Amino acid sequence: MKVLKVLSRFLALLLTLSLGIAQEAQHDGMMQDRMKHEDMMAKTLTVTITNTSTQVFSPPVVINHDVNYQLFEVAKPALPELIPIAEDGDAHNLNVVAAVLPEIYSVSVADGPLMPGASLDLSIQTSENHPYITVLAMLVTTNDAFLAQTFKLDMMDGHMMMGEDMMHDEGQMMSEDKMDESHDMIAEGKEGDMMHEDMMGEDMMGEDMMHGDMMSHDMMDMSKLRYELHVYDAGSEANNESCTYIPGPPCGNANQRAGHGEGSVQLHQGLMGVGDISVEMYGWSDPVASIILHVE
């Protein structure tokens, strides 16, 4: 009897394990099917970035991600993957994070820096389940200044969603109602920035929001839009403007941190002339770059 009981329990255990393996295999198969479907629905986005400043940009980076990933929030500490980019133009940590976070679908990094007055094209595969892109680069003759902007793509028709690059005071994407209002406003041919002043409610951060001013309102080709980008301070390094801590020309000192910064991301105030860097040669006024988005 004991032998039969042991044998029965053993067989029951084998059955349970077999069912568990089968369920896991089924789950893995479903995941693979979803990934294959996502890959089949992927579209190529080309970002044309033009440096309109006197600063050299570190190799620009484009990230394709979903709504749950946000590279930075104004008034919040910079993420670990942002800090090396803002301080040294180094995207290694971002690539490591992207490899393990399902929120990030793909990352594309340019082969080299972007010189003042120059342009480059950077292509990236985008997924319908990851409808956001973030574009960023470091201004290399600073302590921790970076340009960045997040946009949302409408993957159903290959168009750019108007106004969805705005952020409110909690650092989250705008509500769908406000996005629709902004889209309607542009469609009616109103001029000015992407978001009309009348739409700037108390829940918007005004000058402190992540924003990209739209330079072209050509509604005949919404899959090719041009925006201007602004500069942020990562707040991770003190802005002493000392060549000892600056990777770009004329300094060339990477991986050197100048103590603690402000502690949070803010719109950058520009060079102050307090150290070795010439404001006349390397200073800037926003916007410092323009980008054109081409959804194929």
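Among contacts (heavy atoms within 4.5 Å) between residues at least 6 apart in sequence, 73% join residues at least 24 apart. Keep in mind that this is a predicted model, where local features need pLDDT of at least 70, side-chain atom pairs count only at pLDDT 80 or more, and totals for chains, interfaces and linings use all residues. Residues are numbered from 1 along each chain as its sequence is written, and side-chain values use heavy atoms, with hydrogens and water left out.

**Overall make-up**

- The protein has five helices and twelve strands; these are DSSP runs numbered from the N terminus, with helices being H or I of at least four residues and strands E of at least two.
- Of its 296 residues, 45% count as buried, where buried means under 20% relative accessible area, exposed over 50% and partly exposed in between (1.4 Å probe, protein chains only).

**Salt bridges**

- You'll find two salt bridges here, each defined as a side-chain nitrogen of Lys or Arg within 4 Å of a carboxyl oxygen of Asp or Glu.
- As background, side chains of opposite charge can pair when their charged atoms come close.
- Glu87 and Arg257 form one of them through their side chains, at 3.1 Å from N to O.
- Glu87 sits in helix α2 (residues 83-88) and Arg257 in the loop between β10 (231-233) and β11 (266-267), so this pair ties together parts that are 170 residues apart in sequence.
- Glu87 is buried at 5% relative accessible area, whereas Arg257 is partly exposed at 44%.
- Lys76 and Glu73 also pair up by their side chains, at 3.4 Å from N to O, and Lys76 is partly exposed with a relative accessible area of 39%.

**Disulfide**

- There is one disulfide in the structure, meaning a pair of cysteine sulfur atoms within 2.5 Å.
- Cys243 and Cys251 are the partners, with 2.0 Å from S to S.
- Their link is left-handed, at -65° about the S-S bond, and both Cys243 and Cys251 are buried.

**Thr150**

- Thr150 belongs to strand β6 (residues 145-154) and is buried, at 5% relative accessibility.
- Its side chain makes a polar contact with the side chain of Thr134 at 2.7 Å. For a polar contact, N or O atoms lie within 3.5 Å; within protein, one must be able to donate a hydrogen and the other to accept it, and residues adjacent in sequence count only if both atoms are side-chain atoms.
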